[in-house]
Amino acid sequence: MNEMNGDRSAWLRCYRCWSQSLEIQIHYDAIRRVDPETGVPAEGIDEVQESVVQCLDCMHDQPHLVLQGDRVVPIEDRWERMVAGTPWVASCTVTVDQDRVETCSGPEGAESLTYGAFGEAGTREFFTHVRFHKHADDEIVVHLLVELYARSAQEASEVLEEAAQGQLEITSLAEESRPPAHASDEAH
Ligand SMILES: [Zn+2]
């Protein structure tokens, strides 16, 4: 795969449907002095606070791409696995310290449990569905279904292992077929 590094089209595409129609949502943050005579804010430098690359064909976020300076670049260690990989669905549990989970009920419960289980990297990259959770002493056992992209079962397990914020147990791991390429795929 190393020969693909120099070829932008290898990674500058949707990892799911391989479309090259991408857009980026950029959120800026700025603090400016206000001119007391005119009310016009002074010139300043906008700080990029957050940016997300999305595919215009399938509308999914692209966690293998990131804005760096004035252009979008790939995240090493992630793009090859995601673009060349296939989706894997894991049924698993992650046992974490209860302090890692802000709230385990209500509308933000699932999000907070996912974050507690897989942290920032996993929350950005994985599709997760929290099935249920159990409290055991000071710990929470989170039962989840996770979809992630990898080139082999072993790689999928390693990625899950790396993202897990506590003891990980994978009860099943199955390869799914890749979504069809964007040409034959309007939206899903
Ligand atoms: Zn796409």
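I begin with a local detail: in the hairpin of β6 and β7, which has two residues between the strands, Asp137 takes a positive phi near 55 degrees. Helices (H or I, at least four residues) and strands (E, at least two) are DSSP runs numbered from the N terminus, and two strands pair if DSSP finds at least two bridges between them.

Some conventions follow. This is a predicted model, in which local features need pLDDT of at least 70 and side-chain atom pairs count only at pLDDT 80 or more, while totals for chains, interfaces and linings use all residues. Residues are numbered from 1 along each chain as its sequence is written, and side-chain values use heavy atoms, with hydrogens and water left out.

The chain has four helices and eight strands. From the N terminus on, these elements run α-β-β-β-β-α-β-α-β-β-α-β. Along the principal axes, the C-alpha atoms fill a box of roughly 65 × 45 × 30 Å.

Let me turn to the sheet. Four strands form an open, antiparallel sheet in the order β6-β7-β5-β8. Its edge strands, each pairing on one side only, are β6 (127-136) and β8 (167-175). On average, neighbouring strands are turned by 15 degrees against each other, direction ignored; axes here are lines fitted to C-alpha atoms, for helices over the stretch in contact, and angles run from 0 to 180 degrees between N-to-C directions. Helix α4 (residues 153-163) packs on this sheet and touches β5, β7 (139-150) and β8. The direction of α4 makes about 150 degrees with that of β8.

As for the individual pairings, nine bridges join β6 to β7, and Phe127 stands opposite Glu147 in β7. Strand β5 (residues 86-97) is joined to β8 by eight bridges, and Trp88 stands opposite Glu175 in β8.

What does the largest nonpolar core contain? It has 23 residues, and among those with the most contacts inside it are Val94, Phe118, Val146 and Leu160. A nonpolar core is a set of buried Ala, Val, Leu, Ile, Met, Phe, Trp, Tyr and Cys residues joined through side-chain atoms within 4.5 Å. Buried means under 20% relative accessible area, exposed over 50%, and partly exposed in between (1.4 Å probe, protein chains only). The elements giving two or more residues to this core are β5, α3 (109-125), β7 and α4. The largest share, six residues, comes from β7. Leaving out residues up to four places away in sequence, Val146 touches residues including Trp88, Phe118, Phe127 and Leu160; contact means heavy atoms within 4.5 Å. A second, separate core of nine residues includes Tyr15, Trp79, Val83 and Tyr149.

I close with the metal site. The zinc ion is coordinated by the SG atoms of Cys14, Cys17, Cys55 and Cys58, at 2.3 to 2.4 Å. Donors are N, O and S atoms within 2.8 Å of the metal (3.2 Å for Na, K and Ca); water is not among the atoms, so sites may look incomplete. The arrangement is tetrahedral because the four donor atoms subtend angles of 103 to 124 degrees, the criterion for four donors being that all angles lie between 85 and 135 degrees. In sequence the donor residues are spaced C-x2-C-x37-C-x2-C. Cys17 lies in the loop between α1 (8-11) and β1 (22-29) and Cys55 in strand β2 (residues 47-55), so the pair ties together parts that are 38 residues apart in sequence. Both Cys17 and Cys55 are buried.

Conventions. Tetrahedral: all angles 85-135°; square planar, octahedral: opposite > 155°, others 65-115°.
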